[in-house]
Amino acid sequence: MPDIVADQNALENARRFAGKEHGLFIDGVWREPRSGSAFEMRNPGDGTLLGQAAKGEAADVDLAVRAARTALEGVWADTKPAERARLLWRLADAIEAHADDFALLETLNNGKPLRDARLFDVPHAIETLRYNSGWATKLGGDTINLSGPGTWHAFTVREPIGVVAAIVPWNAPFAMSVAKMAPALAAGCTLILKPAEQTPLTALRLAHLVEEVGFPKGVFNLVTGFGETAGAALVEHPGVDKVTFTGSTEVGRHIVRAAAGNFKRVTLELGGKTPVIVMPDADITRAIEGAARSIFTNAGQVCNAGSRLFAHESVFDALVEGVAEHAGKLRVGPGLDPATQMGPVVSQEQKDRVLGYIEAGVREGARISGQGTAASGPGYFVPPTVLTGTLPTMSVVREEIFGPVLCAMSFSDGDLDAIAARANDTDYGLGAIVWTQNLSAAHRLSRKLKAGTVRVNGGGLDPALPFGGFKQSGWGRENGRDGIEAYTELKSIAIAL
Ligand code: NAI
Ligand code: MG
C-alpha cells in the first residue's frame, strides 16, 4: 500500500507483534490455552491475516478466576492505595511511551483511521488511567450520626467488590479495556479481561506492559476467546463478583440472566439510538459539522453515535444538504492510508448488517438523500449514508445500525415537550445531542430527554464525566466518581461505645 503515514519500522514492529505466538496472561504468566487452539485476527482494511490469538475457554477462565481471587485476598489486599495509584500511573506512562505502537495495533485490528487511534483512543486510555489513579487514595466513606438509644460510632467504608470480569467489544477495544480496568484496579479489585474475538490485539500488548510495570501476579488477567465460550464461562462463574460489559443489548440481557446465579453485580453499557436535535436558532454550520461527525466517526460504530437527526423544518434542508455533502466528500479507505477520513467496519458480518439496514430502509420507503463512496478493494467498506423520509416505525429508526447511516427527520412545532417526545420514542437512552443558542431551551430540553448523557453544542468523552444509559441502554455508569464506586461495596459499621 503506498503513502503510509506510519513510520515503516513501527509498522513492521506492530505486524511482527501481531504475528507472534500469543498465549493467555493468567497469574502473571503467559500460558497456552487448554484447548491448544487459536483463532484468526484480521485487518478490516484489507481482510488480511494479522496473526492468531489463543482460544481461551471455560477451563482457562476457571484458572484466571482462581488467580484473581488469590491476588484479591492476598497481595492486592496488602497493596496500599498509594501504591495502586503509582502502578496505574506507571502503566499510563508506559503506554504513552509506546503510544504509536498501540495506535498502529488498534488500526491494524479494528480498521479505524490511524489519526483517530492516535488522537482519540490511545490518549483517552492514558487519561483514564491517570484519572482513576487519583481515585485510589480518595475513596472513602462517611461518619453517620445515629438516633437510637445508646452512644455510637457509626461509619461507612468502601471495599473492593471483588473479582471483576470485563467483557469488551470491538469498536474501541483499547479505550474500553482500559476504561474498565483502570477503575477496577484503582478500587482494589482484581480483573479478568476478555476482549472481543474480532480485536484482541491491543489487549495483548496491554498485558505485556502490565507485566513490565510490575503489577503483582493475578491482579490483571487476560483471556482471549469467543463470547459464547470464554465470555459465557466468565458470566456464569461463581467466583466472579462483578461483570462489567459493553456490547449488544441482546448479550446484555443474557448476562443479566447468567448473573442471577450468585447475584453478580452488573454494569452494562449497551446500544443506543442517540437523537440529534437542531433548533431553528442553532449555529447551522457547527450543527452540520457536529451531526456529520457524530454519525460518521468510527464508521458509525459508536454506541452513542448521533443516528437520528431531528431538525426544525426551517433548517432541515440545510442540515440534510450539509451532512450529505460531508458524506459525499468523506475519503473512505484503509485506516493506514493517511488520506482516509472514515475506515472500514470491523468485519464482513458487520458490513452485511449495515448494508442490510440501508436496503431495508429503502424497501420500507426511505430515500437516500446523500451517500458517499465506499472504497473498492477487499476491506469491509460501507458508504456513509443519509436517509430521509424515515418514519418512527421503520427498522432503521428503531434499531441500532452501528454503521454510518443517519436517519433525518423534521419537526415543525417549537413545543419542547413534543420535540422531546419524538426524541424519546426509542427503547434506548444512552445519549442525546442538542444544537441551540437559546440557553433556556438548552436547559429545558436537557431535562426532558431520557438519556444518560445530554450534550449541547458539541463535546466528547471525558474520564471524569459519568457515562451510561437510561432504559435498554444499560445499567449503571462508567467514568467519574460513580464509575469507580461501582467497583466497591458499601459497608456500614456501627460500634456501641
Ligand atoms: P456482542 O455483544 O456479541 O459482543 C460484545 C462482547 O461480548 C464481545 O467480547 C463478545 O465476545 C462478548 N459476548 C458475546 N456473546 C457473549 C455471551 N453469550 N456471554 C458473554 N460474552 C459474550 O456484539 P456483536 O455481536 O459483536 O455486535 C452486534 C451488535 O451489537 C452491533 O451491530 C451493535 O449494534 C451492538 N454493539 C454495541 C456496542 C456498544 O458499544 N454498545 C459494541 C459492540 C456491538
Ligand atoms: Mg454477538
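Start with everything in cartoon view: the chain has 16 helices and 22 strands (DSSP runs numbered from the N terminus, helices being H or I with at least four residues and strands E with at least two). This is a predicted model, in which local features need pLDDT of at least 70 and side-chain atom pairs count only at pLDDT 80 or more, while totals for chains, interfaces and linings use all residues. Residues are numbered from 1 along each chain as its sequence is written, chains are lettered from A and ligands numbered from 1 in the order in which they are written, and side-chain values use heavy atoms, with hydrogens and water left out.

Zoom out for a moment. The C-alpha trace spans about 70 × 65 × 40 Å along its principal axes. Of the 497 residues, 56% count as buried, meaning under 20% relative accessible area with a 1.4 Å probe, protein chains only.

**Select the sheet.** Pick seven strands in the order β14-β15-β16-β13-β12-β18-β19; they make an open sheet with mixed pairing (two strands pair if DSSP finds at least two bridges between them). At the edges sit β14 (367–371) and β19 (453–456), each pairing on one side only. Neighbouring strands are turned by 25 degrees against each other on average, direction ignored (axes are lines fitted to C-alpha atoms, for helices over the stretch in contact, and angles run from 0 to 180 degrees between N-to-C directions).

**Select 274–278 and 431–435.** These are β12 and β18, a parallel pair with three bridges. Show side chains and you'll find Val278 opposite Trp435 in β18.

**Select 313–329.** Helix α11 packs on the sheet, touching β12, β13 (306–312), β14, β15 (385–388) and β16 (405–411); contact means heavy atoms within 4.5 Å. Its direction makes about 145 degrees with that of β13. The 17 residues of α11 reach 25 Å from first C-alpha to last, close to the 24 Å expected at 1.5 Å a residue (1.5 Å times one less than the number of residues). Which residues of α11 are buried? Colour Val315, Phe316, Leu319, Val320, Gly322, Val323, Ala324 and Ala327.

**Select 348–363.** Last stop: helix α12 also packs on the sheet, touching β14, β15 and β16, and its direction makes about 135 degrees with that of β14.

Notes
Buried means under 20% relative accessible area, exposed over 50%, partly exposed in between (1.4 Å probe, protein chains only).
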